[in-house]
Amino acid sequence: MNAFEKLSLPTVKHIIAVASGKGGVGKSTVSANLAIALMRQGYKVALVDADIFGPSIPRMFGVENAQPEVVTEGEKDIMFPIEKFGVKIMSIGFFIKRNQGLIWRGPMAANAITQLLENTHWDEIDYMILDFPPGTSDIQLTAVQKLNFSGSLIVTTPQEIALNDARKAASLFKNKGLEVPILGVVEDMSWFTPKPHPDEKYFIFGEGGGNRLAQELEVPLLGQIPLIAEVGEAADKGLSVYSQSDPIAVDAFDKIVESLIEKVKV
Ligand SMILES: Nc1ncnc2c1ncn2[C@@H]1O[C@H](COP(=O)(O)OP(=O)(O)O)[C@@H](O)[C@H]1O
Ligand SMILES: [Mg+2]
(Lines give C-alpha, C1' and ligand atoms only; values in the text may rest on other atoms or scores of the structure.)
(Ligands and ions follow the chains in the order given, each with its own letter.)
Protein backbone atom coordinates (compact mmCIF):
# COMPACT_ATOMS: atom_id res chain seq x y z
CA MET A 1 0.00 0.00 0.00
CA ASN A 2 1.56 3.33 -0.95
CA ALA A 3 1.26 6.46 1.13
CA PHE A 4 -1.68 7.86 -0.80
CA GLU A 5 -3.73 4.74 -1.15
CA LYS A 6 -6.69 4.30 1.19
CA LEU A 7 -7.18 1.05 3.00
CA SER A 8 -10.24 -0.68 1.64
CA LEU A 9 -12.60 -2.48 4.02
CA PRO A 10 -15.34 -3.66 1.66
CA THR A 11 -17.68 -5.02 4.34
CA VAL A 12 -17.58 -1.88 6.48
CA LYS A 13 -20.06 0.85 5.50
CA HIS A 14 -18.93 3.70 7.75
CA ILE A 15 -15.95 4.39 9.96
CA ILE A 16 -16.43 7.08 12.59
CA ALA A 17 -13.42 8.46 14.46
CA VAL A 18 -13.84 9.44 18.10
CA ALA A 19 -10.96 11.79 18.88
CA SER A 20 -9.75 14.10 21.60
CA GLY A 21 -6.72 16.26 22.21
CA LYS A 22 -6.14 15.12 25.77
CA GLY A 23 -6.37 11.70 27.36
CA GLY A 24 -8.76 11.12 30.23
CA VAL A 25 -11.58 13.25 28.80
CA GLY A 26 -13.92 10.30 28.27
CA LYS A 27 -13.13 9.33 24.68
CA SER A 28 -13.25 5.59 25.33
CA THR A 29 -16.35 5.89 27.52
CA VAL A 30 -18.09 7.78 24.72
CA SER A 31 -16.88 5.32 22.05
CA ALA A 32 -18.03 2.29 24.03
CA ASN A 33 -21.45 3.67 24.87
CA LEU A 34 -22.10 4.96 21.36
CA ALA A 35 -21.25 1.52 19.99
CA ILE A 36 -23.78 -0.05 22.34
CA ALA A 37 -26.41 2.60 21.63
CA LEU A 38 -26.02 1.95 17.87
CA MET A 39 -26.26 -1.80 18.39
CA ARG A 40 -29.47 -1.29 20.36
CA GLN A 41 -30.88 0.59 17.38
CA GLY A 42 -30.38 -2.57 15.37
CA TYR A 43 -27.18 -1.67 13.53
CA LYS A 44 -24.22 -3.98 13.04
CA VAL A 45 -21.46 -2.36 15.01
CA ALA A 46 -17.72 -2.72 15.37
CA LEU A 47 -15.66 -0.95 18.00
CA VAL A 48 -11.96 -0.57 17.35
CA ASP A 49 -9.70 0.47 20.18
CA ALA A 50 -6.94 2.26 18.33
CA ASP A 51 -5.55 3.97 21.41
CA ILE A 52 -2.11 2.43 21.27
CA PHE A 53 -1.01 4.48 24.29
CA GLY A 54 -3.76 3.35 26.62
CA PRO A 55 -6.12 0.74 25.20
CA SER A 56 -9.05 0.53 27.59
CA ILE A 57 -11.93 -0.89 25.57
CA PRO A 58 -11.22 -4.54 26.56
CA ARG A 59 -11.53 -3.62 30.24
CA MET A 60 -14.67 -1.57 29.65
CA PHE A 61 -16.27 -4.62 28.04
CA GLY A 62 -14.88 -7.10 30.56
CA VAL A 63 -12.90 -8.95 27.90
CA GLU A 64 -9.35 -8.01 28.89
CA ASN A 65 -8.30 -11.65 28.92
CA ALA A 66 -9.86 -12.53 25.60
CA GLN A 67 -7.55 -13.72 22.87
CA PRO A 68 -8.75 -13.11 19.32
CA GLU A 69 -8.69 -16.20 17.18
CA VAL A 70 -6.01 -16.01 14.51
CA VAL A 71 -6.25 -17.89 11.23
CA THR A 72 -3.45 -18.01 8.70
CA GLU A 73 -4.61 -17.32 5.16
CA GLY A 74 -1.78 -17.54 2.66
CA GLU A 75 0.93 -15.28 4.02
CA LYS A 76 -1.40 -13.31 6.24
CA ASP A 77 -2.57 -13.88 9.80
CA ILE A 78 -6.22 -12.87 9.96
CA MET A 79 -7.70 -12.05 13.37
CA PHE A 80 -11.30 -12.43 14.45
CA PRO A 81 -12.87 -9.73 16.62
CA ILE A 82 -14.17 -10.50 20.11
CA GLU A 83 -17.94 -10.12 20.41
CA LYS A 84 -19.50 -8.66 23.59
CA PHE A 85 -22.90 -7.01 24.15
CA GLY A 86 -23.50 -7.55 20.43
CA VAL A 87 -20.51 -5.40 19.42
CA LYS A 88 -17.49 -6.71 17.51
CA ILE A 89 -14.41 -5.51 19.32
CA MET A 90 -10.81 -5.33 18.22
CA SER A 91 -8.11 -3.75 20.34
CA ILE A 92 -4.40 -3.31 20.33
CA GLY A 93 -4.79 -4.18 24.01
CA PHE A 94 -5.49 -7.83 23.13
CA PHE A 95 -1.89 -8.06 21.99
CA ILE A 96 -0.20 -6.29 24.88
CA LYS A 97 0.37 -7.98 28.22
CA ARG A 98 -1.39 -6.21 31.04
CA ASN A 99 0.62 -3.53 32.87
CA GLN A 100 3.17 -3.67 30.11
CA GLY A 101 3.08 -0.58 27.95
CA LEU A 102 4.15 -1.02 24.38
CA ILE A 103 6.88 1.19 23.06
CA TRP A 104 5.90 2.01 19.54
CA ARG A 105 8.43 3.55 17.26
CA GLY A 106 8.25 5.34 13.93
CA PRO A 107 6.44 3.69 11.08
CA MET A 108 5.38 0.72 13.15
CA ALA A 109 3.39 3.03 15.42
CA ALA A 110 2.01 4.98 12.49
CA ASN A 111 0.87 1.80 10.78
CA ALA A 112 -0.41 -0.01 13.86
CA ILE A 113 -3.98 1.21 13.45
CA THR A 114 -4.30 0.43 9.76
CA GLN A 115 -2.73 -2.97 10.29
CA LEU A 116 -5.15 -3.77 13.07
CA LEU A 117 -8.05 -3.00 10.75
CA GLU A 118 -6.58 -4.61 7.67
CA ASN A 119 -5.73 -7.88 9.38
CA THR A 120 -9.10 -8.39 11.03
CA HIS A 121 -11.94 -10.36 9.53
CA TRP A 122 -14.95 -8.01 9.61
CA ASP A 123 -18.36 -9.29 8.63
CA GLU A 124 -20.93 -6.80 7.39
CA ILE A 125 -20.62 -3.71 9.60
CA ASP A 126 -22.87 -0.64 9.41
CA TYR A 127 -20.87 1.54 11.79
CA MET A 128 -17.32 1.05 12.95
CA ILE A 129 -16.47 3.30 15.88
CA LEU A 130 -12.76 3.96 16.12
CA ASP A 131 -11.47 5.09 19.51
CA PHE A 132 -8.51 7.22 18.43
CA PRO A 133 -5.35 7.79 20.44
CA PRO A 134 -5.34 11.24 22.07
CA GLY A 135 -3.25 13.95 20.47
CA THR A 136 -2.13 14.87 16.99
CA SER A 137 1.08 13.10 16.11
CA ASP A 138 2.05 11.19 12.96
CA ILE A 139 0.09 8.23 14.26
CA GLN A 140 -3.23 10.02 14.04
CA LEU A 141 -2.27 11.70 10.78
CA THR A 142 -1.44 8.36 9.15
CA ALA A 143 -4.77 6.93 10.27
CA VAL A 144 -6.61 9.88 8.73
CA GLN A 145 -4.61 9.47 5.52
CA LYS A 146 -5.14 5.75 5.19
CA LEU A 147 -8.69 5.21 6.42
CA ASN A 148 -11.89 6.30 4.75
CA PHE A 149 -13.69 8.01 7.61
CA SER A 150 -17.31 9.00 7.10
CA GLY A 151 -17.07 11.40 10.00
CA SER A 152 -15.48 12.24 13.30
CA LEU A 153 -16.60 13.24 16.78
CA ILE A 154 -14.53 15.43 19.06
CA VAL A 155 -14.76 14.62 22.76
CA THR A 156 -13.83 17.20 25.34
CA THR A 157 -14.44 18.16 28.93
CA PRO A 158 -15.53 21.77 29.55
CA GLN A 159 -12.06 22.85 30.77
CA GLU A 160 -10.10 25.41 28.79
CA ILE A 161 -7.01 23.20 28.67
CA ALA A 162 -9.01 20.32 27.21
CA LEU A 163 -10.58 22.69 24.68
CA ASN A 164 -7.19 23.90 23.47
CA ASP A 165 -6.11 20.36 22.80
CA ALA A 166 -9.47 19.49 21.26
CA ARG A 167 -9.01 22.35 18.77
CA LYS A 168 -5.76 20.74 17.64
CA ALA A 169 -7.42 17.35 17.33
CA ALA A 170 -10.13 18.91 15.20
CA SER A 171 -7.51 20.48 12.92
CA LEU A 172 -6.31 16.97 12.10
CA PHE A 173 -9.58 16.33 10.29
CA LYS A 174 -9.33 19.60 8.38
CA ASN A 175 -5.98 18.84 6.77
CA LYS A 176 -5.97 19.83 3.12
CA GLY A 177 -6.98 16.94 0.93
CA LEU A 178 -7.94 14.74 3.88
CA GLU A 179 -11.09 16.48 5.01
CA VAL A 180 -13.08 14.26 7.33
CA PRO A 181 -16.42 15.83 8.26
CA ILE A 182 -16.55 16.74 11.95
CA LEU A 183 -20.05 15.62 12.90
CA GLY A 184 -20.01 17.42 16.19
CA VAL A 185 -18.64 17.86 19.69
CA VAL A 186 -19.46 15.63 22.65
CA GLU A 187 -18.86 17.18 26.04
CA ASP A 188 -18.19 14.68 28.81
CA MET A 189 -18.13 15.32 32.55
CA SER A 190 -20.28 18.40 31.91
CA TRP A 191 -21.64 18.73 35.43
CA PHE A 192 -22.40 16.79 38.56
CA THR A 193 -25.85 16.36 40.07
CA PRO A 194 -26.00 14.91 43.59
CA LYS A 195 -28.61 12.13 43.77
CA PRO A 196 -30.57 13.75 46.63
CA HIS A 197 -30.74 17.06 44.70
CA PRO A 198 -31.78 16.12 41.16
CA ASP A 199 -32.41 19.75 40.18
CA GLU A 200 -28.92 20.98 40.98
CA LYS A 201 -25.99 21.10 38.61
CA TYR A 202 -22.42 21.66 39.75
CA PHE A 203 -20.10 22.67 36.95
CA ILE A 204 -16.96 21.15 38.38
CA PHE A 205 -14.83 21.60 35.26
CA GLY A 206 -16.36 24.89 34.16
CA GLU A 207 -19.38 25.61 32.06
CA GLY A 208 -20.06 25.96 28.34
CA GLY A 209 -16.72 24.72 27.01
CA GLY A 210 -18.22 22.14 24.66
CA ASN A 211 -20.61 24.72 23.29
CA ARG A 212 -17.82 27.23 22.68
CA LEU A 213 -15.74 24.65 20.86
CA ALA A 214 -18.72 23.60 18.72
CA GLN A 215 -19.36 27.21 17.74
CA GLU A 216 -15.73 27.75 16.84
CA LEU A 217 -15.65 24.64 14.69
CA GLU A 218 -19.08 25.49 13.26
CA VAL A 219 -20.46 22.09 14.17
CA PRO A 220 -23.24 21.10 16.56
CA LEU A 221 -22.77 20.19 20.20
CA LEU A 222 -24.24 16.70 19.93
CA GLY A 223 -24.52 15.97 23.61
CA GLN A 224 -23.42 16.60 27.15
CA ILE A 225 -22.79 13.72 29.51
CA PRO A 226 -22.82 14.55 33.19
CA LEU A 227 -20.38 13.05 35.66
CA ILE A 228 -22.27 10.02 36.86
CA ALA A 229 -20.66 7.61 39.29
CA GLU A 230 -22.36 4.64 37.60
CA VAL A 231 -20.87 5.55 34.23
CA GLY A 232 -17.34 5.35 35.61
CA GLU A 233 -18.08 2.25 37.70
CA ALA A 234 -19.69 0.45 34.77
CA ALA A 235 -16.56 1.04 32.70
CA ASP A 236 -14.36 -0.21 35.52
CA LYS A 237 -16.39 -3.35 35.98
CA GLY A 238 -16.63 -4.17 32.31
CA LEU A 239 -20.32 -3.33 31.99
CA SER A 240 -22.01 -0.89 29.72
CA VAL A 241 -24.02 2.03 31.07
CA TYR A 242 -27.11 0.20 29.92
CA SER A 243 -26.66 -2.58 32.39
CA GLN A 244 -26.59 0.07 35.12
CA SER A 245 -29.68 1.69 33.58
CA ASP A 246 -28.72 5.19 34.47
CA PRO A 247 -31.47 6.97 32.54
CA ILE A 248 -29.62 10.26 32.13
CA ALA A 249 -26.57 8.60 30.59
CA VAL A 250 -28.68 6.31 28.39
CA ASP A 251 -30.68 9.30 27.11
CA ALA A 252 -27.55 11.32 26.44
CA PHE A 253 -25.95 8.56 24.37
CA ASP A 254 -29.19 7.75 22.53
CA LYS A 255 -29.52 11.39 21.56
CA ILE A 256 -25.98 11.53 20.17
CA VAL A 257 -26.62 8.37 18.17
CA GLU A 258 -29.81 9.85 16.74
CA SER A 259 -27.81 12.75 15.30
CA LEU A 260 -25.08 10.43 14.09
CA ILE A 261 -27.39 8.16 12.11
CA GLU A 262 -29.12 11.20 10.67
CA LYS A 263 -25.80 12.64 9.42
CA VAL A 264 -24.22 9.36 8.33
CA LYS A 265 -26.89 7.16 6.79
CA VAL A 266 -26.30 3.48 6.13
N1 LIG B 1 -19.53 10.83 32.41
C2 LIG B 1 -18.71 10.19 33.23
N3 LIG B 1 -19.03 10.00 34.54
C4 LIG B 1 -18.18 9.37 35.39
N5 LIG B 1 -16.98 8.89 35.04
C6 LIG B 1 -16.59 9.04 33.77
C7 LIG B 1 -17.42 9.69 32.80
N8 LIG B 1 -16.78 9.67 31.61
C9 LIG B 1 -15.60 9.05 31.82
N10 LIG B 1 -15.48 8.67 33.10
C11 LIG B 1 -14.31 8.00 33.73
O12 LIG B 1 -13.17 8.85 33.52
C13 LIG B 1 -12.01 8.10 33.22
C14 LIG B 1 -11.46 8.51 31.86
O15 LIG B 1 -12.39 8.17 30.85
P16 LIG B 1 -11.94 7.45 29.50
O17 LIG B 1 -13.15 7.20 28.71
O18 LIG B 1 -11.05 6.28 29.81
O19 LIG B 1 -11.08 8.63 28.85
P20 LIG B 1 -10.10 8.65 27.58
O21 LIG B 1 -10.45 7.49 26.72
O22 LIG B 1 -10.37 9.98 26.94
O23 LIG B 1 -8.71 8.57 28.13
C24 LIG B 1 -12.45 6.63 33.26
O25 LIG B 1 -12.13 6.11 34.52
C26 LIG B 1 -13.96 6.69 33.06
O27 LIG B 1 -14.63 5.61 33.67
MG1 LIG C 1 -9.26 5.91 26.19
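What follows is a friendly conversation about a predicted model.

Colleague: Let's start with Val 45. What makes it count as buried?

Modeller: Val 45 has 2% relative accessibility, and buried means under 20%, so Val 45 counts as buried. The residue is found in strand 2, residues 45-49. Leaving aside neighbours within four places in sequence, Val 45 is in contact with Ala 35, Leu 38, Met 39, Gly 86, Val 87, Lys 88, Ile 125 and Tyr 127.

Colleague: How far apart in space are Val 45 and Met 128?

Modeller: Their C-alpha atoms are 5.7 Å apart, although 83 residues separate Val 45 and Met 128 in sequence.

Colleague: And Ala 50, buried or exposed?

Modeller: Its relative accessible area is 0%; with the cut-off for buried at under 20%, Ala 50 is therefore buried. Ala 50 lies in the loop between strand 2 and helix 2 (57-60). Beyond its neighbours within four places in sequence, the contacts of Ala 50 are Ile 113, Leu 130, Asp 131 and Pro 133.

Colleague: Why is Glu 200 called partly exposed?

Modeller: Glu 200 has 30% relative accessibility. Buried needs a value under 20% and exposed one over 50%, with partly exposed in between, so Glu 200 counts as partly exposed. You will find Glu 200 in the loop between strand 9 and helix 6 (209-217). Not counting residues up to four places away in sequence, Glu 200 touches Phe 192, Thr 193 and Pro 194.

Colleague: Which residues of helix 1 and helix 9 meet?

Modeller: From helix 1 come Thr 29, Val 30, Asn 33, Leu 34, Ala 37, Leu 38 and Arg 40, and from helix 9 Val 250, Phe 253, Asp 254, Ile 256, Val 257 and Ile 261. By class, this contact has 9 nonpolar, 2 polar and 2 charged residues.

Colleague: What about helix 7: which of its residues are buried?

Modeller: In helix 7 (residues 229-237), the buried residues are Val 231, Ala 234 and Ala 235. Seen down the helix axis, these buried residues fall within an arc of 95 degrees, so they line one face of helix 7. In general, an α-helix has 3.6 residues a turn, so residues three or four places apart point the same way. The face of helix 7 turned away from the buried side carries the exposed residues Asp 236 and Lys 237. Just after helix 7, Gly 238 takes a positive phi of about 80 degrees.

Colleague: What is the phi of Phe 85?

Modeller: Phe 85 has a positive phi, near 50 degrees, and is a residue other than glycine. For comparison, most residues other than glycine have a negative phi. Phe 85 sits in the loop between strand 5 (82-84) and strand 6 (87-91).

Terms used:
Residues numbered from 1 in each chain as written. Chains lettered and ligands numbered in written order. Predicted model: local features only at pLDDT ≥ 70, side-chain atom pairs only at ≥ 80, totals over all residues. Heavy atoms only, no water. Buried < 20%, exposed > 50% of the residue type's maximum accessible area, 1.4 Å probe, protein only. Helix = DSSP H or I, 4+ residues; strand = E, 2+ residues; numbered from the N terminus. Arc of directions from axis to C-beta. Contact = heavy atoms within 4.5 Å. Nonpolar A, V, L, I, M, F, W, Y, C, P; charged D, E, K, R; others polar.
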